[in-house]
Amino acid sequence: ALVCRAADLMHLNRVARALLPCLCVVGSFFASYSTLCSGAPDQSARDKLRHLGLKTTVVFMGYNPDRTENWEALVRNYGAMDDIVDQIIVLWCNPAKPPPWSKIANISVPVPVKLVKAYSSSLNELFNVSQHVRTTSVIDVDDDLIVSADLVACMLAVWSQETRQLVGYHLDKRGHTSNYEYNLGWTDPFGGNWYSMVLDKTWLFHKDYLDYYMQKEDVLKLVDDTRNCEDIAMSLLITFKGGLAPISIGEAFSGARYLRTDLESGGVGISTSAGHSEKRDFCLRWFKERYGKAAFARTMDTRTCW
């Protein structure tokens, strides 16, 4: 499959946009260019994965019963990807409410669906699923998103070449300031901005990092104490353990990922709660003190498969 790099393109940005809107950089800085201007995803990534028999496990977590109306769509969407998805794990993390399994229990799809009730409402529970995973990778997705098969395939294809790294989506890139403050800003894949993290709305990584995370008692306590930062923690731990910055996948066609904005939020979400930004800053500085600069590798690496 063609894997395209956006690193080292800052000074070529204007020329690329004007002359080659679908520009892909293959290999290093002085590599040749090719264009893929069809406006639709190339099937080569999915075909290669099918040939190799490489699949991943989809995990999504639920807490609010009002959000589960999207579950049927999620299961039907990922359940049809039997060439690249081995299993769907639906994790219910609200001990105060019974799991709403009736929403999806009778849906017939080629991909097996495993229903798991978490031990608690801790945000750490998202990563406490290694015992259920049969593949070497997992892809976490939010329950208000629908991710296309082509995006899943691209993330898996890129990851298969870089298995120590975290692969996320370009809309979820985040950075940090020189004072280790959380940077919400992002630009498009060719905008030239550095980033050091990707968020867990849609990301894919090696399943071994699940156990690595759950063995970090200090990190588990940080996340529980702040009721925040599980995504920051996993992203930085993967960089620290793997020794490489994350990778983001750029969007080159419409419909790669669809957000359901009409779903009930169930009150104030974590990202809109009071003190959210301050908690993020605190977590970054906490990581800097305990894990050092090795957890904060910066990158401009953005790739695509179409």
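β4, helix α3 (residues 71–79) and β5 form a β-α-β unit that is right-handed, meaning that, with the strands pointing away from the viewer, the path from the first strand over the helix to the second runs clockwise. Helices here are DSSP runs of H or I with at least four residues, strands are E runs of at least two, and both are numbered from the N terminus. This is a predicted model, where local features need pLDDT of at least 70, side-chain atom pairs count only at pLDDT 80 or more, and totals for chains, interfaces and linings use all residues. Residues are numbered from 1 along each chain as its sequence is written, and side-chain values use heavy atoms, leaving out hydrogens and water.

**Around β4**
- Six of the seven residues in β4 (residues 56–62) are buried (under 20% relative accessible area, 1.4 Å probe, protein chains only).
- β4 runs parallel to β5 (residues 85–92), with seven bridges joining them; pairing takes at least two DSSP bridges.
- M61 has L91 as its bridge partner in β5.
- β4 also pairs in the parallel sense with β7 (residues 137–141), over three bridges, and T57 sits opposite V138 there.

**The three-stranded sheet**
- This open sheet has antiparallel pairing and the order β11-β10-β12.
- β11 (182–183) and β12 (197–198) are the edge strands with a single partner each, so one side of each has no neighbour in the sheet.
- K173 stands opposite V198 in β12.

**α2 against α4**
- A45, R46, K48 and L49 in α2 touch A149, A153, C154, L156, A157 and Q161 in α4 (heavy atoms within 4.5 Å).

Key: Buried < 20%, exposed > 50% of the residue type's maximum accessible area, 1.4 Å probe, protein only.
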